[in-house]
Amino acid sequence: MSSTATEIAASEHSEAPDFGRLRADFPTLNQRVNGHPLCYLDNAATTQKPESVISAVANYYRKNNANVHRGVHTLSERATADYEGAREKLRQFIGAESTREIVFTRGTTEAINLVAQAYLRPLVSSGDEVLITGLEHHSNIVPWQMVCEQTGASLKVAALDENGEVRLDEFHRLLSDKTRFVAVSHVSNALGTVNPVGEMIEAAKTRGVPILLDGAQALPHMHVDVRDLDCDFYALSSHKMFGPTGIGALYGKASLLEAMPPYQGGGDMISMVSFEETRYNDLPYKFEAGTPNIAGAIGLGAAIDYLNAIGMTQILNHEKAMVAAALDGLSTIPGLRLIGRPRERAGAISFVIDGIHPHDIGTIVDADGVAIRTGHHCAMPVMQHFGLPATARASFAFYNNEADIERLLRALEHCRNVFA
Amino acid sequence: MDLNDLYRDVIVDHNKSPRNFGDLTDADHSAQGFNPLCGDELTVYLNIKDDQITDVRFKGQGCAISIASASLMTEKLKGLSVEDTRQLFGKVHSMLTADAPDIPVDEMGKLAALQGVRAYPSRVKCASLCWHTVIAALDKRATPVSTE
Ligand SMILES: Cc1ncc(COP(=O)(O)O)c(C=O)c1O
């Protein structure tokens with residue numbers, strides 16, 4: 001059960017946690033797939049859940065199931081306390097000043113759409129520009145395209161270089177008097193590139209332009225502090241950081257969130273309704289119309305407890321070594337070409353093999369129990385940049401180990417044999 | 001699941017050396033097909049005379065299953081009537097998807113090599129893309145077909 005994480009919490013800051021033992025906290029990892037022990041290397045798509053998260057969700061439904069912010073009865077108070085407790089855990093985890101700045105959403109996608117529609121759309125018109133990068137996930141492209149279509153503003157894209165890094169000279173050049181908003185990924189899901197967000201945020205600040213970070217792929221791998229970063233908005237997904245699906249959050253600076261109109265109307269987001277007039281609720285509830293994903297938020301809270309017990313610095317160091325070993329191993333496979341060679345990488349490695357389509361790689365390694373993602377990774381412009389329809393991508397989490405890398409390498413040899 | 005059942009020798013061979021691959025400059029029918037999920041794209045060209053397919057070629061890129069399927073299809077279609085092609089599409093489709101298909105092996109010929117796809121639901125679209133595309137070409141559809 002979650003005892004492993006608790007034990008580790010006790011020994012935190014003393015020595016490196018036993019990552020090998022943490023694996024036992026994840027029930028899904030303990031199974032055979034196609035006759036082989038599961039080797040799960042698709043963590044950028046979604047991460048597995050520790051027992052503590054699964055039982056937090058089950059516990060809510062078993063014991064505390066009630067709506068939040070409504071009743072005065074005991075269960076409703078329990079549910080509300082746990083739901084709001086999760087908000088406080090997330091606030092601490094990302095270093096926000098106040099829980100008023102933590103809006104629960106369905107995930108990163110909804111968080112970005114919220115900012116696009118409620119913040120940006122009323123502010124821009126023809127002649128204004130929104131700046132993104134060539135590294136973005138579709139969910140950090142399409143919402144901005146929609147605002148541009150709705151308002152006549154135009155979308156500018158800072159291109160990538162051959163290593164899969166954003167060309168900073170382009171980024172600075174495109175950041176102009178016309179720029180009204182900047183949205184960049186913290187970490188790329190397709191290539192694993194860690195963006196130099198410090199420099200990007202500073203550049204935007206200097207021009208007084210608000211900036212959003214898509215943090216979906218950063219939080220599972222590194223310590224994030226939104227006040228240190230000094231970004232205006234930060235979007236995240238619980239399911240990428242060992243929590244349940246269907247929940248995530250938008251961090252926004254209180255001053256910005258306060259000035260924004262609501263995103264959706266309904267219950268919970270109001271303080272008073274009559275047919276003549278409606279007064280909106282305070283932050284963050286103004287943006288949380290309707291009954292939220294209560295169980296999801298509670299599960300996210302449990303995931304954060306779990307990560308805190310290990311320590312994000314420990315996770316970062318462990319993964320750095322693992323990804324370096326994986327890169328070394330992959331470089332020994334004949335005909336394998338890494339797609340993207342960023343100086344700073346977290347989590348994901350994209351590659352292709354001469355003469356073997358990524359889709360076939362995916363099917364063949366799956367027959368060996370190895371789960372990787374193949375395709376465009378919801379980042380078609382990244383694929384176009386490299387002139388490829390698709391790549392194969394192995395993506396790591398702290399519960400992966402050297403044996404997983406070995407399994408991947410052997411499965412890739414198998415691919416080469418099938419097509420030999 | 002046996003991988004050898006999917007990647008049979010015929011399939012590996014037709015992927016490596018696709019038959020009837022390339023442009024057909026004087027084609028009187030053609031259509032494009034996409035599989036957005038994996039980025040496969042095919043163009044199928046046909047020449048039809050007196051309701052018979054006299055020539056068929058294809059080009060594009062895709063996984064081994066989609067390239068081999070297209071290659072095998074072009075071998076099969078040459079000389080077939082339009083009506084027979086449409087009927088064959090139905091049979092191929094049920095071979096790729098139906099639970100207990102009655103595969104007319106004689107009629108299918110080498111196409112039967114694709115029956116292993118049935119065990120891999122995510123790959124059915126790869127194998128059927130060329131067939132959807134050829135039907136679009138027969139229908140003279142201008143918009144590309146998409147498997148999504
Ligand atoms: C970088 C990045 N941004 C955004 C998203 C979208 O997240 P979600 O689907 O959880 O909303 C993802 C998920 O794949 C991602 O990797």
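**Figure 1. A hairpin in chain A of the predicted model is built from strands β11 and β12.** Four residues lie between β11(A) and β12(A) in this hairpin. Strand β11 covers residues 270-273 of chain A and strand β12 covers residues 278-280. The two strands pair in the antiparallel sense, and three bridges connect them. Ile270(A) has Tyr280(A) of β12(A) opposite it.

Figure 2. The peptide bond that joins Leu283(A) and Pro284(A) is cis, with omega about -5°.

**Figure 3. Tyr306(A) is a buried residue of helix α11.** The helix spans residues 294-310 of chain A. Tyr306(A) counts as buried because its relative accessibility is 2%. Ser52(A) is 254 residues away from Tyr306(A) in sequence, yet the C-alpha atoms of these two residues are 7.6 Å apart in space.

**Figure 4. Strand β17 of chain A is mostly covered.** Five of the five residues in β17 (391-395) are buried. In a regular strand, side chains alternate between the two faces of the sheet. In β17(A), Thr391(A), Arg393(A) and Ser395(A) point one way, while Ala392(A) and Ala394(A) point the other way. Residues pointing in either direction are buried. Strand β14 (residues 348-353) of chain A pairs with β17(A) in the antiparallel sense over four bridges. Phe351(A) has Ala392(A) as its bridge partner in β17(A). Strand β16 (residues 373-375) of chain A also runs antiparallel to β17(A), and three bridges join them. Here the bridge partner of Gly375(A) is Thr391(A).

**Figure 5. An open sheet in chain B consists of four strands.** The strand order is β3-β2-β1-β4, and the pairing is mixed. The edges are formed by β3 (52-61) and β4 (145-146) of chain B; each has a single partner strand, so one side of each lacks a neighbour in the sheet. Strand β1 (residues 29-35) and strand β2 (residues 40-49) of chain B pair in the antiparallel sense through seven bridges. Gly33(B) has Leu42(B) as its bridge partner in β2(B). In the loop between β2 and β3 of chain B lies Asp50(B). Phi of Asp50(B) is near 50°, a positive value in a residue other than glycine. With 72% relative accessibility, Asp50(B) counts as exposed, since exposed means over 50%.

**Figure 6. Helices α3 and α6 of chain B lie across strands of the sheet and meet each other.** α3(B) lies across β2 and β3 of chain B and runs at about 165° to β3(B). α6(B) lies across β1, β2 and β4 of chain B and runs at about 150° to β1(B). Two packed helices are described by the angle and the distance between their axes. The axes of α3(B) and α6(B) (residues 124-138) come within 7 Å and cross at roughly 40°. This angle makes α3(B) oblique to α6(B). The crossing is right-handed. On the α3(B) side, the contact involves Ile65(B), Ser66(B), Ser69(B), Ala70(B), Met73(B) and Leu77(B). On the α6(B) side, it involves Cys126(B), Ala127(B), Cys130(B), Trp131(B) and Val134(B). Nine residues of this contact between α3(B) and α6(B) are nonpolar, two are polar and none is charged.

**Figure 7. Helix α2 of chain B has buried residues that are covered by parts of chains A and B.** In α2 (residues 9-16), the residues Ile11(B), Val12(B), His14(B) and Asn15(B) are buried. Their cover includes α15 (402-418) of chain A, as well as α1 (3-6) and α3 (64-77) of chain B. His14(B) counts as buried because its relative accessibility is 1%. Leaving out residues up to four places away in sequence, His14(B) touches Arg19(B), Ile67(B), Ala68(B), Ser71(B), Leu72(B), Glu75(B) and Lys110(B).

Methods:
Residues numbered from 1 in each chain as written. Chains lettered and ligands numbered in written order. Predicted model: local features only at pLDDT ≥ 70, side-chain atom pairs only at ≥ 80, totals over all residues. Heavy atoms only, no water. Buried < 20%, exposed > 50% of the residue type's maximum accessible area, 1.4 Å probe, protein only. Contact = heavy atoms within 4.5 Å. Axes fitted to C-alpha atoms, helices over the stretch in contact; angles between N-to-C directions. Parallel < 35°, antiparallel > 145°, perpendicular 65-115°, else oblique. Left-handed = near helix turned anticlockwise from the far one by under 90°. Nonpolar A, V, L, I, M, F, W, Y, C, P; charged D, E, K, R; others polar. Pairing = 2+ DSSP bridges.
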